[in-house]
Each structure stands twice: as C-alpha cells, then as structure tokens.
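The sequence and structure come first.

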Amino acid sequence: MGNFGQKIDRFIEIFIDANGYVKVVEGLRNTLFIAVCGLLIGILIGTLIATVRVIPKYKVLPRVLNGFCSFYVGLFRGTPMVVQLLVFHFVLFPLWGWNITPVQVSIIVFGLNSGAYISEIMRSGIQSVDPGQMEAGRAVGLSFGASMTKIVIPQAVKNILPTLGNEFIALIKETSVVSFVGAADLYVAFSYIASNSYEYMVPYLVMAMIYIVLVLIITLLIKLLERSLRKSDRRN
C-alpha cells in the first residue's frame with residue numbers, strides 16, 4: 001500500500017509541478033475535437049451514401065454512384081483505422097502536396113472512416129421508415145431529394161440515435177491511435193507523465209478512468225436526447 005502511495009505522489013508531482021496537466025488538457029481537447037469533427041463529417045458522408053444506396057437504380061448514374069459508394073464503404077470498413085492514418089499522413093497527403101497538421105489529418109481520416117460505418121447505420125434507419133412517408137411527400141409535390149431531407153431522414157435519425165451514440169463512443173476510444181501520426185491525444189499526454197515519472201501504473205489507470213467518464217457522460221446525454229425526442233413525438 002505504501003508503494004502505491006509513492007506511485008500516486010510521483011504522479012501528482014509530474015502532473016502538477018512538471019506541468020503534466022497542460023499535456024492532459026491539450027490531449028483531452030484534441031481527443032474530443034477529433035471525435036466530434038469526425039462524427040459530424042461521418043454523418044454528412046454517411047447520409048449522402050445512404051441516400052445514394054436507397055435511390056431506385058433505374059438509370060445509369062444511380063448505378064454508377066452506388067458502385068462507387070459500395071467500393072468506398074468496403075475500403076474503409078475493410079482496413080484498420082491506424083493503417084488509414086498512416087497511408088493518408090505519410091503517402092497520400094505528401095503526394096498531393098497537402099501540408100496539414102496531424103490533428104487535421106486525424107479529423108479527415110476519422111470522418112472518412114466514420115462515414116463508411118454511418119452510411120450503413122443511416123441506410124438501415126431510412127429503410128425502417130414507413131415507405132408511405134416518402135409516397136406522401138411525393139404526393140404533395142415534393143421531389144425525391146426534398147422528401148428525403150425533410151421527411152424521411154429526420155425520422156431515420158430518431159430511429160438510429162442510440163447507434164450514432166455508439167459510433168461516437170467508438171470514435172472517442174479510437175483516438176488513442178492518432179499518436180501514430182504525431183497528434184497529441186490523451187494517450188500521448190499520459191505516456192509523457194509515465195515516462196517522466198518512471199511509473200506507468202497510476203498514469204494509465206487515470207487515463208482509463210477519464211475514458212470511462214467520457215463514455216458515461218456521452219451515454220447519459222444520448223439517453224436524455226432520446227427521452228426529449230420521445231416527449232416531442234407524444235406531443236405531436
């Protein structure tokens with residue numbers, strides 16, 4: 001017990017006296033920023049792909065777009081996130097002449113990756129909406145796109161909200177790999193504290209607890225949002 005107390009004292013010393021908390025705050029900010037931006041980009045891409053995949057394939061263009069979307073989803077779902085980060089940061093972006101920061105690289109890759117998963121989530125949500133909703137929209141003169149964006153997709157989002165919450169949680173946890181391209185996240189911050197204190201137990205336990213707290217907060221917010229939406233539905 002005394003040895004564990006010494007480990008805690010050493011952690012506190014590096015955390016406060018050696019400005020370890022500055023690294024942690026920066027890491028937490030980057031972790032949340034990458035995950036939130038990645039989710040928003042993923043929702044945008046995923047919604048576009050899901051819309052393309054549910055469009056009737058009577059013409060050539062929808063079939064071509066559907067083929068491209070299928071390839072995109074298969075590519076990003078079939079390769080690990082860390083591989084995508086390394087390929088974009090060290091291969092593709094240098095070839096294209098893009099000089100962007102590791103955090104920006106992480107946001108782009110997380111958004112592209114999340115878009116592939118959210119497209120399948122959104123597609124199932126769209127298909128869960130009563131087809132009569134689309135028919136009603138078309139009957140009052142709305143185009144397919146307007147009916148989709150104003151009627152079908154808002155209802156689909158309500159149906160898939162818990163799954164979107166799970167995707168956000170997954171993004172939060174997966175940010176631990178952004179250190180491979182030099183981005184400073186929570187893992188980098190606590191690795192700095194651990195390497196300077198020569199004690200790894202306490203820093204990594206604290207890091208794990210922070211991730212758990214983040215997940216619990218997100219879960220609570222999703223439940224509150226679901227409850228609010230259910231109340232709105234009952235009033236309507």
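## Annotated spans

Residues 177-195 are 53% helix and 0% strand, with their end C-alpha atoms 18 Å apart. Helices here are DSSP runs of H or I of at least four residues, strands are E runs of at least two, and both are numbered from the N terminus. The model is predicted: local features need pLDDT of at least 70 and side-chain atom pairs pLDDT 80 or more, while totals for chains, interfaces and linings use all residues. Residues are numbered from 1 along each chain as its sequence is written, and side-chain values use heavy atoms, leaving out hydrogens and water.

The span 177-195 is one of those that UniProt lists as "transmembrane region" in an unreviewed entry, along with 32-52, 64-90, 96-118 and 201-225. UniProt positions follow the numbering used here, feature names are shortened, and annotations may be inferred rather than shown by experiment. Residues 64-90 are 89% helix and 0% strand, and their end C-alpha atoms are 30 Å apart. The unreviewed entry also carries the annotation "domain: ABC transmembrane type-1" for residues 28-222. That span is 83% helix and 0% strand, with end C-alpha atoms 20 Å apart.

## Helix packing

Two packed helices are described by the angle between their axes and the distance between the axes. Axes are lines fitted to C-alpha atoms, for helices over the stretch in contact, and angles run from 0 to 180 degrees between N-to-C directions. Angles under 35 degrees count as roughly parallel, over 145 as roughly antiparallel, 65 to 115 as roughly perpendicular and the rest as oblique.

The axes of α5 and α7 come within 8 Å and cross at roughly 140 degrees, so the pair is oblique. Helix α2 (residues 20-54) packs against α7 at about 140 degrees, with the axes 10 Å apart; α2 is therefore oblique to α7. For α4 (residues 81-96) and α5, the axes come within 10 Å and cross at roughly 125 degrees, so these helices are also oblique to each other.

## Largest pocket

The largest pocket holds about 220 Å³ of space. A pocket is an open set of points on a 1 Å grid over the protein atoms alone where a 1.4 Å probe fits, with protein on both sides within 12 Å along at least five of seven lines; lining residues have an atom within 4 Å of a point. Grid points are joined across faces, edges and corners, and the volume is the space filled by probe spheres set on the points.

Helices α5 (102-128), α6 (131-139) and α7 (144-174) each supply at least two lining residues. Among the lining residues are Val54, Ile126, Met134, Phe144 and Val152. By class, the lining has 9 nonpolar, 1 polar and 2 charged residues. Ala, Val, Leu, Ile, Met, Phe, Trp, Tyr, Cys and Pro count as nonpolar, Asp, Glu, Lys and Arg as charged, and the others, Gly among them, as polar.
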